[in-house]
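Today I am opening my notebook to look up the disulfides. Follow along with me if you like!

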Amino acid sequence: MFKFILSILGLGSCLCASAHAIEYHPKLPSTVRWAFSSTVSHSHKFKFESDPKKLVNNWYSQAFGGPSATHAMNYMEERVKFILPYRDDYHKFVTHLAVWDDRGHFAANFGMSIWMAKMQDRRDALYFTAWPGRKIRVDSPHVGIITLGSKFPTWKQELDKISPALLTSVLIHEARHSDCTGRITQGVLDGREPWPKDCGHQHEACPPGHPYEGVMACDHHAWGAFAVQWVWLNQVSLYCKFGCSTLDRSQALANAVDAKLRVLRSNELFAGKLGSPNMSNSVEVR
Amino acid sequence: MNRLFTHRIAAVSVISVVIAYGILSIVSPADSLIIEPIEPRPVKRPRPVATQVSQAPRVQVRAPVPISAPRLDPEFREIQAPSPEALKAEVEQDPHQTPLSLIRYSEELGQHMDLAAESDAYAEKFFRYLEGCAAMDERDSALPVRAICLINARKLSETKPELLAGGFENLTNRVTEDLVLFSEDIDSEE
């Protein structure tokens, strides 16, 4: 009734403007929900200005299907659909996986892990109850269930220090984990072959001599989550002229440098020697 | 008749007040900015982000050793870059996330970049800081820190080419080749 009155008064559109595809767990603090929803609507409005003549590879358009901020946001929104708060027992749902430890993380793609478990278990259908009354059918890597780690801030003062550009980059990174780029084979399901790295774009240990040597924080294969995150951050730090603050650009720069450091053979990759980004997703088994 | 009219006036007034209250409560920014503690579990509540940056991490590789700003520019001595050990310790704690100390460092440089864009004198001084930072020995300064400095130096030289273009060219000859390569790719999609 109240919404009806508001719509008559022309205020209904104000409510709809902040709505988007992501569903939030009811127990997610309102501060966190607000941070994500305002980030999404804010990042949609970023305006990039780059000289098309200078762009040889134009990774941004290749990765996200177009030059605007909305293209990247659409990519993200197709792959990030639910945001759940930190819980210390998510590992119980994915016992197939050797390791599920998100205690120290900012965010993790739990949906991909459940889908992997479903495939390895060869179940026709699998439902995950995200919260009472909300059952999610896990039928694709794009199920998009993101869990926040214990380190994710919940206080407004701390959330305010995270720029929309940075928080969006976290979502784009997690979105890339929702892509099963390489098809999985029967051998993978039988346990005869390892899970392909580009199905879920899993990270691996950084090699000897790397600044993060030994930490599971590097991408050995081309166009993994850090590379795709870099594409967004590079665009913001260099070409965002409207809608971005100094905070957006400076945080994007630090994050871009760090993301690139985690991409092995990054010079070859971004010079185009390792091919274009394949952003496809497949649920088929060869 | 009069009583009926009075009742109608009263009813309309009440409805108007209810609608006005509803509208105010919807459009009020306070409604959506309520600070709500996560859950009544104070033990598990994440520490503030600033604490994570400034305090020694739990994984004690080595306590973060801030690198003081290059000697050339005492004015910028308060800017503290994270050490290689501190960065690695942060990444070990959260492999997914960019170390917060690196983000804070970049933010600080960004504020100086804004000031430098508005004053030639400030730009020259800050450029000298960036030069010193980018040219630091790789054993003392992490690659991401030096890269951020070099990229900012290039941005500043592009903003003030008459003043700093030559200086930037000299700088690229002084720093390591891997740093130039690493920073070039980040700064260009070519």
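My entries below go through the bonds one by one.

**Ground rules.** I am working with a predicted model, where local features need pLDDT of at least 70, side-chain atom pairs count only at pLDDT 80 or more, and totals for chains, interfaces and linings use all residues. Residues are numbered from 1 along each chain as its sequence is written, chains are lettered from A and ligands numbered from 1 in the order written, and side-chain values use heavy atoms, without hydrogens and water.

**Count.** I called a disulfide any pair of cysteine sulfur atoms within 2.5 Å. By that rule I found four disulfides over all chains. I then numbered the bonded cysteines of chain A in sequence order, and the pairing reads 1-2, 3-4, 5-6.

**Cys206(A) and Cys218(A).** I found these two joined, S to S 2.1 Å. The link is right-handed, with 100° about the S-S bond. I looked up burial too (buried is under 20% relative accessible area, exposed over 50%, partly exposed in between; 1.4 Å probe, protein chains only). Both Cys206(A) and Cys218(A) are buried.

**Cys240(A) and Cys244(A).** Here the sulfur atoms are 1.7 Å apart. Which hand does this one have? The torsion about the S-S bond is about 75°, so the disulfide is right-handed. Cys240(A) is buried, because its relative accessible area is 2%. Cys244(A) is buried as well, because its value is 12%.

**Cys133(B) and Cys149(B).** Now I moved to chain B, where a disulfide joins these two, S to S 1.9 Å. I noted 75° about the S-S bond, and the link is right-handed. Cys133(B) and Cys149(B) are both buried.
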